[in-house]
Structure formats: structure tokens, C-alpha cells
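Subject: Structure handover

Hello,

Here is the structure for your files. My notes on what turned up in it follow below.

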Amino acid sequence: MVLADYTFGQALLTVLEVFLFAAWLMILFVIIGDLFRDHSISGWAKAAWVVFLIFVPFLAALIYLIVRGDGMRERALADRQHQQQQLDQYIRQTAGSGGGGTAADELTKLSQLHDQGKLTDAEFEQAKAKIVG
């Protein structure tokens with residue numbers, strides 16, 4: 001039986017190998033993502049880095065992290081800030097078109113309802129306080 005010859009130490013070594021392989025893949029994907037996120041280098045330089053990462057992966061990753069590692073954090077933060085700004089803009093557009101509008105729009109609607117007699121003075125003041133405050 002094959003499993004009878006597989007010791008606990010070999011199982012732990014296999015788990016360690018799988019972990020190291022997964023960590024290596026994560027590092028490789030982070031490097032490639034950073035490489036293509038950076039618009040300051042040319043396409044030829046990007047192609048050279050990718051070829052270098054394919055044919056001499058460990059050395060290339062180590063050199064990349066040493067040479068370009070300082071800017072990786074800044075590029076990642078700038079990308080996240082850009083994504084957050086796009087999300088905020090989308091949320092503002094969606095919320096604005098949903099009928100809520102700005103505070104000035106809400107106050108105009110309240111004023112019109114008050115002028116038409118559909119809101120009492122107390123209701124108008126209470127609703128205005130919610131919008132302004």
C-alpha cells in the first residue's frame with residue numbers, strides 16, 4: 001500500500017512545499033501586476049522583465065524587489081485611491097439619480113410643499129432641520 005510508506009514528516013514537507021509554491025505565485029502575480037501598473041517604463045522594458053521572470057524567475061524576482069521595490073507601495077496606493085475615487089463618483093451619481101438629490105433640491109421641494117399647504121409650519125421646520133442638520 002502506497003499510503004503506508006508516506007510518513008508524517010513527508011506529509012509536513014509536502015504541506016511546506018505547497019505553501020512555498022503558493023507564496024511564490026503570489027509574489028510573481030504582485031510583481032507582474034506592479035510591472036503593468038507602472039506607466040513610467042516602456043513596453044520593451046516590461047517585456048524584458050517578463051522574459052527575465054519566465055527564464056530566471058527567482059533571480060529576476062529578487063532583482064525586481066531590490067531595484068523597484070520602493071515604488072511598489074506608492075503605485076499600489078495610487079491605484080487604490082483612484083479606484084476609491086471612481087467608486088465614490090459612481091455612488092454619488094447613482095444616489096443623485098435615485099431621486100434624493102442635493103440638500104438644496106430637498107429644501108426646494110420642502111418649500112414648495114409648504115407653500116402649497118401640504119406641510120404645516122412645524123412639519124416644515126422639522127424636515128428642514130433633518131436636511132440641514
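**What was found**

Val51 has a relative accessible area of 44%, so Val51 is classed as partly exposed. Val51 sits in helix 2. Please keep in mind throughout that this is a predicted model.

Val51 also belongs to a nonpolar surface patch of about 490 Å², made together with Ile54, Phe55, Val56 and Leu59. Helix 2 contributes the most to this patch, with three residues.

The largest nonpolar core holds 11 residues: Trp24, Leu28, Ile31, Leu35, Ile41, Trp49, Leu53, Ala60, Ala61, Tyr64 and Met72. At least two residues of this core come from each of helix 1, helix 2 (43–55) and helix 3 (57–97). Trp49 is one of the core residues. With neighbours within four places in sequence set aside, the contacts of Trp49 are Leu35, Ala60, Ile63, Tyr64 and Arg68.

Asp34 is located in helix 1 (residues 8–37). Its relative accessibility is 1%, and buried means under 20%, so Asp34 counts as buried. Neighbours within four places in sequence aside, Asp34 is in contact with Tyr64, Met72 and Arg75. Tyr64 and Met72 are both on the list of core residues. With Arg75, the contact includes a polar one between the two side chains, at 2.8 Å.

Now the salt bridges. How many are there in the model? The count is six. Three of them are described here.

Asp38 and Arg68 form a salt bridge in which the closest N and O atoms are 2.2 Å apart. This pair links distant parts of the chain, since Asp38 is in the loop between helix 1 and helix 2 while Arg68 is in helix 3, 30 residues apart. Asp38 and Arg68 are both buried.

Asp38 has a salt bridge with Arg75 as well, at 3.7 Å from N to O. Asp38 lies in the loop between helix 1 and helix 2 and Arg75 lies in helix 3, so this pair ties together parts that are 37 residues apart in sequence. Arg75 is buried, as is Asp38.

Glu125 and Lys128 are three residues apart in helix 5, so about one helical turn separates them. Are these two residues buried, exposed or partly exposed? Glu125 has a relative accessibility of 42% and therefore counts as partly exposed. Lys128, at 31%, is likewise counted as partly exposed.

Salt bridges with shared partners join Asp34, Arg37, Asp38, Arg68, Arg75 and Asp79 into one network. Among the members described above, Asp34 is buried, and so are Asp38 and Arg68.

Glu125 is part of helix 5, which covers residues 121–132.

Regards

Key:
Residues are numbered from 1 along each chain as its sequence is written. This is a predicted model: local features need pLDDT of at least 70, side-chain atom pairs count only at pLDDT 80 or more; totals for chains, interfaces and linings use all residues. Side-chain values use heavy atoms; hydrogens and water are left out. Helices (H or I, at least four residues) and strands (E, at least two) are DSSP runs, numbered from the N terminus. Buried means under 20% relative accessible area, exposed over 50%, partly exposed in between (1.4 Å probe, protein chains only). A polar contact is a pair of N or O atoms within 3.5 Å; within protein, one must be able to donate a hydrogen and the other to accept it, and residues adjacent in sequence count only if both atoms are side-chain atoms. Contact means heavy atoms within 4.5 Å. A nonpolar core is a set of buried Ala, Val, Leu, Ile, Met, Phe, Trp, Tyr and Cys residues joined through side-chain atoms within 4.5 Å. Patches are made of residues with over 30% relative accessible area and no salt bridge: like charges are joined within 9 Å, nonpolar side chains (Val, Leu, Ile, Met, Phe, Trp, Tyr) within 5 Å. Accessible areas come from the Shrake-Rupley method with a 1.4 Å probe; for residues, only the protein chains shown count as cover. A salt bridge is a side-chain nitrogen of Lys or Arg within 4 Å of a carboxyl oxygen of Asp or Glu.
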